[in-house]
Amino acid sequence: MAESTMQKIVSLAKRRGFIFQSSEIYGGLKACYDYGPLGVELKRNVKDAWWRDMVHRRSDIVGLDCSIIMHPNVWRASGHLAGFSDPLVDCRNCKERFRADKAPRAVPGAALTYREGGRKDGKKLEGVVPDRGYVCPVCGAGDLSDERQFNLMFRTSLGPVDPMQEILNNMDELHRLQGNERKQKLADIIGASAVYLRPETAQGMFVNFMNVLNSGRMKPPFGIAQVGKSYRNEITTSNLTFRTCEFEQMEMEFFVEPGTDDEWYAYWSRERFAWYTSLGMRPERLRLREHEQKELAHYAKACVDVEYFYPFENPEGEGEWGELEGIANRTDYDLKKHSEHSGKDLSYFETETKKRFTPYVIEPAAGADRATLAFLCDAYDEEVVDKEKNDVRTVLRFHPRLAPVKVGVFPLVKKEGMPDRARAIMDELLGEGINSFYDESGAIGRRYRRMDEVGTPWCVTVDTETLEQGTVTVRERDSMAQSRVPAAGIGDYFRNRLKSS
Ligand code: ATP
């Protein structure tokens, strides 16, 4: 069977050092990935582009870097302890555990056929779609357990107290207690040292609102941005780095005066969509999807997702819209909740107008890993160079700002001093902060193709004319066109090309 686009991308990602399975030599760990030498550059470029466009290019947004473990009351106030959960269901037929809200929808009462145990050779069984209107995503059966809520936060303990030891120390009392009292005692023992890995970076911005306001002399409308790791004990993980338990977010909380929030919500929805296209993402593979009322979190006034059409495989074929980023109007919910729980006033007093208000928050929340995956998928192309010769090249058409390697530097042949000239050029480029790669092995055409496959926008070749006239060949990745450029000032040449790209 022919390989799907996604299979080709996964295999290229591994072969060329973009993404590896974590702990692979031990059989891997489900949904955990490592970024290889090229992947780490790509992801850094995505995060740097975000930081540059969201923080450095604006005077109304500042950055923050908060700790991953925060006071547990942060999660009490934000509602994550009580409500950050997914509806979990077990399939009684194939034993798969899945998220009810992500399961395939079906008409209640409609007839179903599926295989016993979910095995291809299992007996053919018949059933009906249950009233709740979905079936098992793996075997298609409707014989499902009740939904139960599963908290997505990873719990750990802080300090020298081992909760397991404390449980053992309290065994006699636990035995004496019954039902809810026993549960409460256990919760108290574990709760005494429990802390959580943050499931989002956003709360760091809310609890530091006053610190930033006072230390930075900011006033609404202004934003606080953060890039960092978040953790969610996801039940269903899939499609490489799309949904994992450890991931990086790029979030910004924009604090505005109530009444101006609709305008800012529309502004950030437009800005964030445009950010992806400004980095070369194909607009036809992007869309904004406004949430319906029933999808909204209880505190949100509105929410829109920027979605990308990923080449994921699914029963209908190839391709599926998936969330890249959500832009939400979170109202004054978070600041008010933290005021209530901490006892600290988090309202803002505007001296000019003598008005006091709790700002509304517009939050563009993006995922660095999902964006990196989308840029990788979007860049992937197979171009027929010569149909008759069956010459097809694989090329990653990254925007130059995102390309892991900007310039490939080659000597045409390994003699006449060409390698030394080429290495000197590479050193000059590296010295300018332009990531470059030296390659002298194999035919020049093969070397160009190897660079195409990892998305390097330009190659420089040192040849006899370089030695005689001081010029080099510059070869373009996308058009494959070649031109001659003076070797002197090559750093400035590529800096300008990057700037104007
Ligand atoms: P989903 O509906 O896909 O679970 P979400 O709406 O819960 O996502 P948010 O809480 O809005 O996601 O988080 C903001 C961004 O963080 C998402 O748009 C996504 O890019 C990223 N993100 C969230 N969960 C994950 C995950 N498990 N793995 C990778 N990225 C994630």
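## Basis of the report

Contact here means that heavy atoms lie within 4.5 Å of each other. The structure is a predicted model.

## Ligand site

The ligand is surrounded by 16 residues, and the closest of these are Arg-232, Glu-234, Arg-243, Thr-244 and Glu-323. By residue class, the shell around the ligand consists of 7 charged, 5 nonpolar and 4 polar residues. At least two residues of this shell come from each of strand E12 (246-256), strand E15 (317-331) and strand E18 (360-367). The largest contribution is that of E15, which supplies 4 residues.

An N or O atom in the side chain of Arg-243 lies 2.7 Å from a ligand oxygen. A polar backbone atom of Leu-324 is 2.9 Å from an oxygen atom of the ligand, and for a polar backbone atom of Gly-367 the distance to a ligand oxygen is 3.0 Å. The ligand taken alone exposes 590 Å², of which the protein buries 84%.

In soluble globular proteins, nonpolar side chains tend to be buried together. The largest nonpolar core of this model contains 60 residues, and those touching the most other members are Phe-18, Trp-268, Tyr-276, Leu-324 and Phe-375. Helix H12 (residues 368-379) provides the largest share of this core, with 8 residues.

Apart from neighbours within four places in sequence, Tyr-276 is in contact with Met-281, Leu-286, Val-306, Leu-324, Glu-325, Ala-366, Ala-371 and Phe-375.

## Helix H11

Helix H11 spans residues 333-342, and its buried residues are Tyr-333, Asp-334, Leu-335, His-338 and Ser-339. The cover over these buried residues includes helix H3 (72-78), helix H8 (202-207) and helix H9 (209-215), together with E12 and E15. After H11 comes Gly-343, which has a positive phi near 75 degrees.

## Glu-248 in strand E12

Glu-248 belongs to strand E12. Its relative accessible area is 11%, which is why Glu-248 counts as buried, the cut-off being under 20%. Once neighbours within four places in sequence are set aside, the contacts of Glu-248 are Lys-43, Lys-47, Val-227, Gly-228, Lys-229, Ala-366, Gly-367, Ala-368 and Asp-369. With Lys-43, Glu-248 forms a polar contact of 2.7 Å between side chains.

Ala-141 is 107 residues from Glu-248 in sequence, and their C-alpha atoms are 35 Å apart in space.

## Thr-372 in helix H12

Thr-372 is part of helix H12. With a relative accessible area of 4%, Thr-372 is also classed as buried. A polar atom of its side chain lies 2.6 Å from the backbone oxygen of Ala-368. Leaving out neighbours within four places in sequence, Thr-372 is in contact with Tyr-35, Leu-42, Lys-43 and Val-46.

Definitions and conventions:
Residues are numbered from 1 along each chain as its sequence is written. This is a predicted model: local features need pLDDT of at least 70, side-chain atom pairs count only at pLDDT 80 or more; totals for chains, interfaces and linings use all residues. Side-chain values use heavy atoms; hydrogens and water are left out. A residue is near a molecule or strand if one of its heavy atoms lies within 4 Å of it. A polar contact is a pair of N or O atoms within 3.5 Å; within protein, one must be able to donate a hydrogen and the other to accept it, and residues adjacent in sequence count only if both atoms are side-chain atoms. Accessible areas come from the Shrake-Rupley method with a 1.4 Å probe; for residues, only the protein chains shown count as cover. Ala, Val, Leu, Ile, Met, Phe, Trp, Tyr, Cys and Pro count as nonpolar, Asp, Glu, Lys and Arg as charged, and the others, Gly among them, as polar. A nonpolar core is a set of buried Ala, Val, Leu, Ile, Met, Phe, Trp, Tyr and Cys residues joined through side-chain atoms within 4.5 Å. Buried means under 20% relative accessible area, exposed over 50%, partly exposed in between (1.4 Å probe, protein chains only).
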